[in-house]
Amino acid sequence: LAGLQRPTAGSIHLGDTNLTASTERERRHGRATRLAVVAQNPYRNLLPYGTCIDNLRFAQRAPRSHGRRNLPPIEPLLEELGLMLVANTRCDKLSGGERQRLALAAALATGPTVLVTDEPTSQLDDANRTRVAELLTALSAARGITLIAFTHDTVLAGCLDRTITLHDGRISA
């Protein structure tokens, strides 16, 4: 769905762009300017030796290199996600919940229209799981972002407007 690989069947559209028929360059441009991915393990989205601010600045490099200039300011984003007090803390010193929220902030720092998350709450305790689930749904609604969450978490699934269940790689009723 994120345009990282071509599907074996069907097509994927990001707005009016058919990612399936696009060139690698066009897919790279779409991923850099319109789509963000938050991996299951937040470290896959983050520079462990960088501070929160470093990570958000780094996340904004790709959209800027593709001509995006209207990116969200970093400090309000950190504030919104409850990370302002740790803004200058190295990522490897953050708690699991803080890292997951930082990964989400890094994704949102690119100004995406589509946010794809893979098990965004799987490594969190109950309090942080609820907080991240509420943040995901509130932020996507407030910013007009299409949120696609792959999850086994019934709490997160319950917060979403629509759920589609996959069984053995196929959509089931």
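Colleague: How do the residues that line the largest pocket divide into nonpolar, polar and charged?

Modeller: In this predicted model, the lining of the largest pocket divides into 18 nonpolar, 10 polar and 5 charged residues, where Gly counts among the polar ones.

Colleague: What makes a residue part of that lining, and which residues are closest to the centre of the largest pocket?

Modeller: A lining residue has an atom within 4 Å of a point of the pocket, and 33 residues line this one, with L1, I148, A149, F150 and I164 the closest to its centre. The elements that give two or more residues to this lining include β1 (13–14), β4 (114–118) and α6 (126–143), while the largest share, 5 residues, comes from β5. The space in this pocket comes to about 1200 Å³.

Colleague: Why is I171 called exposed?

Modeller: I171, which has its place in strand β7 (residues 170–172), has a relative accessible area of 65%, and exposed means over 50%, so I171 is exposed.

Colleague: Which residues form a nonpolar patch on the surface together with I171?

Modeller: The patch is formed by L1, F150, I164, L166 and I171, which together have about 520 Å² of accessible area; nonpolar side chains are joined into a patch within 5 Å.

Colleague: What lines the second largest pocket, and how much space lies in it?

Modeller: About 550 Å³ of space lies in the second largest pocket, which is lined by 22 residues, with V37, N45, A59, A62 and T110 nearest its centre. Its lining divides into 14 nonpolar, 4 polar and 4 charged residues.

Conventions: Residues are numbered from 1 along each chain as its sequence is written. This is a predicted model: local features need pLDDT of at least 70, side-chain atom pairs count only at pLDDT 80 or more; totals for chains, interfaces and linings use all residues. Side-chain values use heavy atoms; hydrogens and water are left out. On a 1 Å grid over the protein atoms alone, a cavity is a set of points where a 1.4 Å probe fits but cannot get out, and a pocket is an open set with protein on both sides within 12 Å along at least five of seven lines; lining residues have an atom within 4 Å of a point. Grid points are joined across faces, edges and corners, and a volume is the space filled by probe spheres set on the points. Helices (H or I, at least four residues) and strands (E, at least two) are DSSP runs, numbered from the N terminus. Patches are made of residues with over 30% relative accessible area and no salt bridge: like charges are joined within 9 Å, nonpolar side chains (Val, Leu, Ile, Met, Phe, Trp, Tyr) within 5 Å. Accessible areas come from the Shrake-Rupley method with a 1.4 Å probe; for residues, only the protein chains shown count as cover. A salt bridge is a side-chain nitrogen of Lys or Arg within 4 Å of a carboxyl oxygen of Asp or Glu. Buried means under 20% relative accessible area, exposed over 50%, partly exposed in between (1.4 Å probe, protein chains only).
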